[in-house]
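Colleague: I would like to go through this model term by term. Please set each value against its definition.

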Amino acid sequence: MKRLPEITDKVKRNLIWKSIFRRDYRNNVRDRAQAIFGNVFLHLHPVQVRESAVKLRFTWGMGGITFFAFITLVITGVVLMFYYHPTIDQAYTDIKDLEFQVPFGVILRNLHRWGAHFMVIVVMIHMFRVFMTGSYKAPRQFNWGIGVFLLVLTFLLSFTGYLTPWDQLGFWAITVGTNMGAATPLLGYQGPFSEYLHITPYNDVRFALLGGAQVGGNALLRSYIWHCVAIPLISIILMFVHFWRVRKDGGISKPQK
Amino acid sequence: MANENKNNSSYKVYVFVFFSAVLLALSLWVVWDDEFGLRPWKKYQEEFKTMKHDQLEKDYRKAVVEFQRSGGHKRLAELEAQLAKAETSFQSGGTQEKYKQLTKQFDDLHAQSAINQKELQNARGLFLETEYYFTKTQKPEYKVKMDELQRQIDAITLRGNALQKKEEVLKNSISAITSGKAHLEAEIERMKSGLEDLKEKIANNNKVAVEIKQIHIKDIDKADRCQTCHIGIDGKRQVSLLQPFARHPASFVYLDHHDPTKFGCTFCHRGQGRATTSTEKAHGNVKHWDEPLLAGDMTQTSCLNCHGDIKGLRGAEEIVNSTELLKKYGCYSCHKIPGYETMGDVGPVLTEVGTKVNYSWAVKWLLDPKLYFSTARMPKFFFTQDQAESIADYLFSMSGTTRHDVDYSKETPNAKLVEQGKALWSQARCNLCHTTGGRGGNHVKVYAPDLSKVGSKVNKEWLFRWLKNPNAYFPGTKMPRFRFTDEDIKSLVEYITSEYKDDEAEPKYVQPVEIQVASIKKGKDLVQKYGCYGCHKLQGMEEMVQIAPSLKSQGVSFLRGDEMREKIGTELSSIGSKPLEMLDFGKLKKSIPNDRLSYIKQKLRDPRGYRLGLRMPDFRLAESEINELAAVLYGFTDSNVPVRFMVPSRQELDRMAGVQSYKFTGDFAKVIADVKCTNCHSIRGIGADYAPDLSYAGSKLQEGWIRNFLANPDVIRPLLQQMPKLGLTSGKPAAKITMPRFNLGQQKVEDTNRTDVDVVINFFQQELVSNDIPKKIPVITTMTMPEQISKGKNLYDEKGCKSCHQIGTEGGALGPNLSNVGNRLNPGFIFKHLENARKFKPDIVEPDYGFTERERIYLTNFLMTLKLNTK
């Protein structure tokens, strides 16, 4: 025990330690600020937050909880991808196997499924709170815009993930959803004015979404790629901007007084 | 203020502690649940292991006791003592030294002979080389060298032989020293091995891993994990009768022909093969799983998945019976059903029905056929009186212009004719097919109408024409043409019309009434709408019978006339796997389970219950019939079956091989079309199976006997009379199960001058012969005939043939009566039949005695002496 300070000292002088932690941490205002500045993740966040702004009854903590749900979904999603093949022969049986056979498969899948529902609900409550507290007003109008995009992306994540189990529920949801796309003006073959662009069922927006004229193997693959790669990437980028703007626009909005 | 803060924070700590505890508890529960809660099979496998262990332990203990009881342990101790003694004597008294010495000598010799062998090889190599040069160059020096080498080779060979001999001698003397010991060791090993094996089995059982057992069928990516719980299902020995440990019932039929490692379980049993977390899930008895487990006889429905031809298929008896119903009610007439496309019409020709029946009867029949007789096959279409009359008008309009009835109830029948007719009725054995007064008839296989009230249905003129030549009115009817004289027919008609009358009949149109044209039109529309042409032949609608309209599952459309291209009912080829959401439960008031089987059963129970506008008639099926039919329909699936599992039907195989299916030719075809032999007999795969198979009748039967039998049929297998199980009597005592007398031989066949018996016999002898059946049997020259016959008689007594066969008044009645076999069968057939009875009749009960050729000759010669004197 006597040698403990010696060892601590040695470790702290080590090059690896120094390159990771950079400086000593003395719990004072300056060092705390430095710790925030010096960290790639934390520096997105304001260095200081007003006490009134973190009051639960004002923010409800919904933005943070949404982000927490997102992280949970990324982690469980990555593990789920190990057990899943996006083909029409295997998709459904893979889901069944998660339930019956994969170790911790039930909790894994349910965390992902219920977590997704949870995120959709929470993100809407977050929007509601932001609206009711007037936090969309200048100078935060740009971040409100980003938020709207993030809301849409959340819905799209939920929608594309719905097809992946390849069950009746998902199949018909995607059928109905993409049929709505077929009624898009100009771009959908059933939509108004589409005839001027020579749109047919085989070149319209629905075809682009499904990779075919009906929900099949290509639709499954497309929704899988959107769900697991494209939309999460876009979301992460927008989230960085979102958090950065919170800081730049003067931190979390606070009550008027 | 400070105080308040403090209180506040300690409150937060409690909340934190509380939720942390909840989180910890939940995490522990997740681990426990994943390990045990969701893997109930672990418990089963452990339990099974314990039970198997106990069983093996018991075996072992029993074996030990047996070993000691039989003195095995004493003998073993003795042997071990002897071995120990041999060991000591071996080590003492210089034996061991001698052994070592000899072994060394042997090793030396062996090394020497190895060297010798190598020299020999070298020399031979050189010799071949020289020989090659010599043949190439023909130089004499090579020849000289070859001779030299040959001498060397001879010398080496000699030396080698000598060495080998020495080795042999040494080997013998070594084994003489050790043989006693080796023998003892082998004996001890042998005695111990039985018990050792058992011990090993126990040890192996303990080593069996507790794990998910999966059968994966690669080509369709099917994974069955049923054996994870049903761990003993294909075991060699029953460990426990309890589920899930029991063995598969009748596994010698099912599993032996369907290796579970190749077929899995869910092919036949359905259920959710991947599920292992609970019984309900695994058996598929859960919401959103459309394939619940099939158990017991219901499983036989799955035979239809792969077997094109289930007739005679062992283990499929229930489903075979059920498919008879499909034929009986003619479901295929309105619905497309795979394998039934070419079946004939179920109902009679209606083209000239106006000349046959009473108008009042026709209307009554259309309203409800079961009012006329209770076993009527025709379903109820729920017509109104008005609709029924319109249809009857349409049908009558095809052969006349009036509604008309005849009424014989006021006439007095000619007593003499009736008497004659009655005798003919029983002689011709009409009751074999037709029921009268609840007696006789065969409603299951040969479906013939109940004649109890026929006197109030048909008129005498038609009946006369019908009996004279049924094919003229109804081509392709099952009714045979009996060779009655016109006098005979007159008496029969008199008998039938006077004896079998309906007291409740109300003939309204004894005075004919003109038919309204509007009514005919309406009737025709109804006939088309309800697809009467599916079962009956109707003028102008013949095409529709074959390819009438299709109403696939979506949408019902009423196609007319030329549009009719497919069958009227829903296609049934994959009803057993139709997605649940495509079944329309519709307006059903009653609450039934939301599954496919319940849907099918309810449809059969109440065909028009699901919604308005349905046209399927009500067959008034018994609940047992509903279950059977539903079982068959449930088996019509389009499930994903690998081609290698398919067993095509014989027809299909013939088609693929380009083999024409068998057809009767020449005059015999005319006789068959007339007498309908194949209603009961099977000939080369054509026909029914409840009279003897005649495929090789020419080789089997003697001409004289055939003539005699056709003139006066007699019972060959007396016991059959008492076997209603064969479907011959449908449970009721029949008059006498034997062949009707068709009066063959009295008339000439159309366009020929041969009698029909001659035609039959000619065809039998020309066509129905087998090259496997010899015309004559081998002759034994070393023994006189009486000696052979007496030897045959001894064999007959010795093997207990008489427990089944009867000769004279002695013997059992399970097999054919042999009293007259010498007149009946050809010796070649008997000879061949004794060799392998199953060759011509695979399901015969006769045991296989494994007779030698000589024994068969004796028996044949004996049997050929059994003759009754017939005049």
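Modeller: Start with contact: two residues are in contact if their C-beta atoms, placed from the backbone, lie within 7 Å. By that rule Leu395(B) touches Leu350(B), Val353(B), Gly354(B) and Ala362(B), leaving out residues up to four places away in sequence. This is a predicted model: local features need pLDDT of at least 70, side-chain atom pairs count only at pLDDT 80 or more, and totals for chains, interfaces and linings use all residues. Residues are numbered from 1 along each chain as its sequence is written, while chains are lettered from A and ligands numbered from 1 in the order in which they are written.

Colleague: What makes a nonpolar core, and which residues of the largest one touch the most other members?

Modeller: A core is a set of buried Ala, Val, Leu, Ile, Met, Phe, Trp, Tyr and Cys residues joined through C-beta atoms within 7 Å. Buried means 20 or more other C-beta atoms within 10 Å of the residue's own (exposed: 12 or fewer; partly exposed: in between). The largest core has 34 residues, and Ala362(B), Leu366(B), Ala392(B), Leu395(B) and Ile496(B) touch the most other members. Helices H12 (359-367), H13 (385-397), H15 (460-468) and H17 (486-499) of chain B each give two or more residues to this core. A second, separate core of 29 residues includes Tyr696(B), Tyr796(B), Leu825(B) and Leu859(B).

Colleague: How much of chain B counts as buried?

Modeller: 25% of its 871 residues.

Colleague: How many helices and strands does chain B have?

Modeller: Chain B has 30 helices and 8 strands. These are DSSP runs, numbered from the N terminus: helices are H or I with at least four residues, strands E with at least two.

Colleague: Why are H27(B) and H30(B) called roughly perpendicular?

Modeller: Their axes cross at roughly 95° and come within 7 Å. Axes are lines fitted to C-alpha atoms, for helices over the stretch in contact, with angles from 0 to 180 degrees between N-to-C directions. Under 35 degrees is roughly parallel, over 145 roughly antiparallel, 65 to 115 roughly perpendicular, the rest oblique. H27(B) and H30(B) are therefore roughly perpendicular. Among the residues making the contact are Ile789(B) and Tyr796(B) of H27(B), and Leu859(B) and Phe862(B) of H30(B).

Colleague: How many residues of chain B are in contact with chain A?

Modeller: 9 residues of chain B are in contact with 12 residues of chain A.
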